[in-house]
Amino acid sequence: MNAEHKTVAVLGAGTMGSGIATVIARSGHRTLLFDVNEPNLARGIDTVRGFFDRSVQLGKLSETDATAAMERLSGTTELSDLAPSDVVIEAVFEDLTLKKEIFGRLDEIVSERTLFHTNTSTLSVTGIASGSRLPERVVGTHYCNPAPLMKLVEVAAGRHTADWAHRATREFLGSLGKTTVVTKDRPGFIVNRFLIPWENSCIAALESGLGTRESIDAAVTGALGHPMGPFQLLDIVGMDIHQQVATRLYEQLRDPRFFPPPMVDRMVAAGDLGRKTGRGFYTYDDTRLFGS
Ligand SMILES: NC(=O)c1ccc[n+]([C@@H]2O[C@H](COP(=O)([O-])OP(=O)(O)OC[C@H]3O[C@@H](n4cnc5c(N)ncnc54)[C@H](O)[C@@H]3O)[C@@H](O)[C@H]2O)c1
């Protein structure tokens, strides 16, 4: 696969899918965003538009480039519309059966040379790849959240991933301006092995009264050099997703540092999931993920 512009399908228009679609469209590739229903799709497209609008306001993108990027993006709820894709990136719910099934269905729709990327956080790339008749084309590409702002993508080969697919994947990610690190197909890859216990310790610190959400966020940005504090980040990630990722990693690694503190369950039960529901650690008027 060469570095010219591709047709790229993104499956799932949620937090990660809309962020990844933003990156793809911004990089000049034709972008097909797919979700199971119109409201979810519309919300994802609105998130992409919101990100470009904000980039224009901040002077980081010209209006002409933002308009061109939006014109490269189209949405669909029909899987058959993804037929021309050179690359498909799945960012649907973290569910092994669902991810395998989607790859199996895509086998019947796209070309045999189409790359299949999975953005799973905790599942086995090998397990997901087993849903495809051609597991050699399946590669784990774990984007960091928020995908339009974070440069790093972890790349993990499954047991049957071919060298050509791994190489083409790294080239493709280069065309998006991403930096890649190669990691093994293991629970949490590299980033979540460190991030999840750390986020849990920040939540536990808040719960114990060590600091406020503001003081802990300020301490982390001011002293550790992070671009945002843990609670600002968790509000973007979504508490439901944090709960799920942390629990899944705990189940696989049996290390108590991964087990989510009780506050996580209470927030999820209350529907305080973060930006997407308008309330998490902070409250938001704009529920778009990259809104102000
Ligand atoms: N949130 C994060 O910080 C983060 C970071 C890296 C990776 N991930 C991974 O990315 C994936 C998506 O996570 P998210 O946070 O974007 O979740 P999300 O809940 O925000 O979005 C998931 C989307 O998938 C859609 N969907 C469900 N079934 C589908 C199907 N059959 N076909 C197409 N779309 C379908 C849903 O309608 C929803 O819009 C998960 O595997 C997750 O583990 C999440």
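I'll take the cysteines first, then the helices.

Some ground rules. This is a predicted model, where local features need pLDDT of at least 70, side-chain atom pairs count only at pLDDT 80 or more, and totals for chains, interfaces and linings use all residues. Residues are numbered from 1 along each chain as its sequence is written, and side-chain values use heavy atoms, with hydrogens and water left out.

How many disulfides does a search of the whole structure find? The count is 0, taking a disulfide as a pair of cysteine sulfur atoms within 2.5 Å. Cys202 is in no disulfide either.

Buried or exposed? Cys144 has 12% relative accessibility, so it counts as buried. Cys202, at 7%, is buried as well. The cut-offs: buried is under 20% relative accessible area, exposed is over 50%, and partly exposed lies in between, with a 1.4 Å probe and protein chains only.

Now the helices, which are DSSP runs (H or I, at least four residues) numbered from the N terminus. H10 covers residues 239-253 and H11 covers 262-270. They pack at about 135°, axes 9 Å apart. Axes are lines fitted to C-alpha atoms over the stretch in contact, and angles run from 0 to 180 degrees between N-to-C directions.

Which residues make the contact, meaning heavy atoms within 4.5 Å? From H10, Met239, Asp240, His242 and Gln243. From H11, Val264, Asp265, Met267 and Val268.

Definitions and conventions
Helices (H or I, at least four residues) and strands (E, at least two) are DSSP runs, numbered from the N terminus. Contact means heavy atoms within 4.5 Å.
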